[in-house]
Amino acid sequence: MTHSYSSGLVNAKNRVPEKQRFYQQAYKNHTRLWKIGPRSGIIMTTFNIAMWGTFGASMYAMSRKVLGYNTWFQED
């Protein structure tokens with residue numbers, strides 16, 4: 001019984017050395033690791049929006065709770 005592997009992963013070119021050179025060169029230029037990759041701008045923008053949005057919502061809800069309101073928008 002023989003298997004026919006037609007997947008591109010089986011005979012794919014080993015790209016690890018060129019990616020390693022790319023990351024090492026950027027790291028030598030003191031570029032932060034999370035800013036090196038090609039999709040890092042999109043990922044970091046999404047992360048920052050989620051992080052600061054959650055922080056702002058928490059601060060808003062906490063300040064309303066301190067003022068005695070138990071809901072987000074209405075006065076109880």
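Does tryptophan 52 count as buried or exposed, and at what relative accessibility? Tryptophan 52 counts as exposed because its relative accessibility is 53%, and the cut-off for exposed is over 50%. The model discussed here is predicted.

## Overall make-up

The secondary structure of the protein consists of two helices and zero strands. Of the 76 residues in the protein, 7% are buried. The protein exposes about 7,400 Å², and 60% of that area is supplied by carbon and sulfur atoms.

## Helix H1

Helix H1 covers residues 16–28, which is 13 residues. At 1.5 Å a residue, H1 should span 18 Å, and this agrees with its end C-alpha atoms, which are 18 Å apart. The expected span is 1.5 Å times one less than the number of residues.

Histidine 30 follows H1 and has a positive phi, near 60°.

## Aromatic pairs

A pair of aromatic rings is described by two quantities, the distance of the centres and the angle of the planes. With ring centres required to lie within 6.5 Å, the count comes to three aromatic pairs. One of them joins tryptophan 52 and phenylalanine 55, with 5.7 Å from centre to centre and 90° between the planes. This pair is edge-to-face, because the term applies to planes over 60 degrees apart.

Tryptophan 52 and phenylalanine 55 are three residues apart in helix H2 (residues 40–66), so about one helical turn separates them. Phenylalanine 55 has a relative accessible area of 46% and is therefore partly exposed. Another pair is formed by tyrosine 60 and tryptophan 72, with 5.8 Å between the centres and 35° between the planes, and this pair is tilted. Tyrosine 60 lies in helix H2, whereas tryptophan 72 lies in the segment after H2, so the pair ties together parts that are 12 residues apart in sequence.

## A nonpolar surface patch

Which residues form a nonpolar patch on the surface? They are Phe47, Met51, Trp52, Phe55, Met59, Met62 and Val66. Together these residues have about 750 Å² of accessible area.

Notes: Residues are numbered from 1 along each chain as its sequence is written. This is a predicted model: local features need pLDDT of at least 70, side-chain atom pairs count only at pLDDT 80 or more; totals for chains, interfaces and linings use all residues. Side-chain values use heavy atoms; hydrogens and water are left out. Helices (H or I, at least four residues) and strands (E, at least two) are DSSP runs, numbered from the N terminus. Rings of Phe, Tyr and Trp (its six-membered ring) pair if their centres lie within 6.5 Å; planes under 30 degrees apart count as stacked, over 60 as edge-to-face and the rest as tilted. Buried means under 20% relative accessible area, exposed over 50%, partly exposed in between (1.4 Å probe, protein chains only). Accessible areas come from the Shrake-Rupley method with a 1.4 Å probe; for residues, only the protein chains shown count as cover. Patches are made of residues with over 30% relative accessible area and no salt bridge: like charges are joined within 9 Å, nonpolar side chains (Val, Leu, Ile, Met, Phe, Trp, Tyr) within 5 Å. A salt bridge is a side-chain nitrogen of Lys or Arg within 4 Å of a carboxyl oxygen of Asp or Glu.
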